[in-house]
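Colleague: I am new to this model. Please take one part of it and walk me through that part closely.

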Amino acid sequence: MLLGLAGACGGGDDVEPLTVYAAASLAQVFPELDADARFSFAGSDELATQIREGAPADIYAAANAKYPQELFEEGLVGEPVTFASNRLVLIVPRANPGAIESVVDVQRSGTRLVVAAEGVPVGDYTRTVLDTLGLSAALENVISNEDDVKGVAAKVALGEADAGFVYATDVTPVASRVLAIELPADAQPLIVYQVAVVVGTEQEEAARAFVEALGSRAGRDALSAAGFELP
């Protein structure tokens, strides 16, 4: 359901659509906020690199605070705003061939584990969780380091891995093919999403309106419905 935010963002037939660079985990919810925007979804690290290289983005939304803050300090984006949070879960194929019952089982010899690469926010969060739980040895079972969270979810959903770590919001698109296993609450990392307007955009007013809309009632309702937690 569209939330009418395109109009709030200054959309119209005579206005160029906004170009939004956003974390892959936002791929289900962001198009609901502005049906006319052009979206580029990928790992937050990859998108930050593209912005540094001069990619024509109007808005940057990341699954952590690290990259928005770095770009802000480099003068490439305006001051970042926190608009959502998330949590990490472990997913396994519904058939569960690896007999994974809890996160402890991912360190078992022979387990095929898929994670996101280092530098990708979900990959860094995964490594933090494993370190916190004393399970870093499980990284020896990694068969693939993916570019973003969607890659992890796909590998598990297709049965190409016994387990993988994803955001809770990424379970829904593959819910018919995977089971989610909750992680200990005290091991959860702080996962925040930040958004910023890219410096030099020719649509600064519309971009700022988009950012403000994320904090509006309609924006917060859409994020909450998609499973995100709100600041």
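Modeller: Two residues touch, or are in contact, when heavy atoms lie within 4.5 Å. This is a predicted model, where local features need pLDDT of at least 70, side-chain atom pairs count only at pLDDT 80 or more, and totals for chains, interfaces and linings use all residues. Residues are numbered from 1 along each chain as its sequence is written, and side-chain values use heavy atoms, with hydrogens and water left out.

Take Val115. It lies in strand β6 (strands are DSSP runs of E, at least two residues; helices are runs of H or I, at least four; both are numbered from the N terminus). Val115 is buried, at a relative accessible area of 0% (buried means under 20%, exposed over 50%, partly exposed in between, with a 1.4 Å probe and protein chains only).

What does Val115 touch, leaving out residues up to four places away in sequence? The partners are Thr126, Arg127, Val142, Ser144, Asn145, Glu146, Val152 and Phe165. Asp148 sits 33 residues from Val115 along the chain, yet their C-alpha atoms are 8.9 Å apart.

β6 covers residues 113-116 and runs parallel to β8, residues 163-167, with two bridges joining them (strands pair if DSSP finds at least two bridges between them). Within β8, Ala163 stands opposite Leu113. β6 also pairs with β7, in the parallel sense, over four bridges. There, Glu146 of β7 stands opposite Ala116. To get from β6 to β7, the chain passes through α5, and this β-α-β crossover is right-handed (clockwise from the first strand over the helix to the second, with the strands pointing away from the viewer).

Step back to the sheet. It is open, has five strands and mixed pairing, and its order is β7-β6-β8-β5-β9. β7 (142-146) and β9 (178-182) stand at the edges with a single partner strand each, so one side of each has no neighbour in the sheet. On average, neighbouring strands are turned by 30° against each other, direction ignored.

Helices come next. α5, residues 121-132, lies across β5 (88-93), β6, β7 and β8. It runs at about 115° to β8 (axes are lines fitted to C-alpha atoms, for helices over the stretch in contact; angles run from 0 to 180 degrees between N-to-C directions). α6, residues 149-157, packs on the sheet as well. α6 touches β5, β6, β7, β8 and β9, and its direction makes about 140° with that of β8.

Back to the start. Val115 is a buried residue in strand β6, and both α5 and α6 meet that strand. Its contacts include Thr126, Val152 and Phe165.
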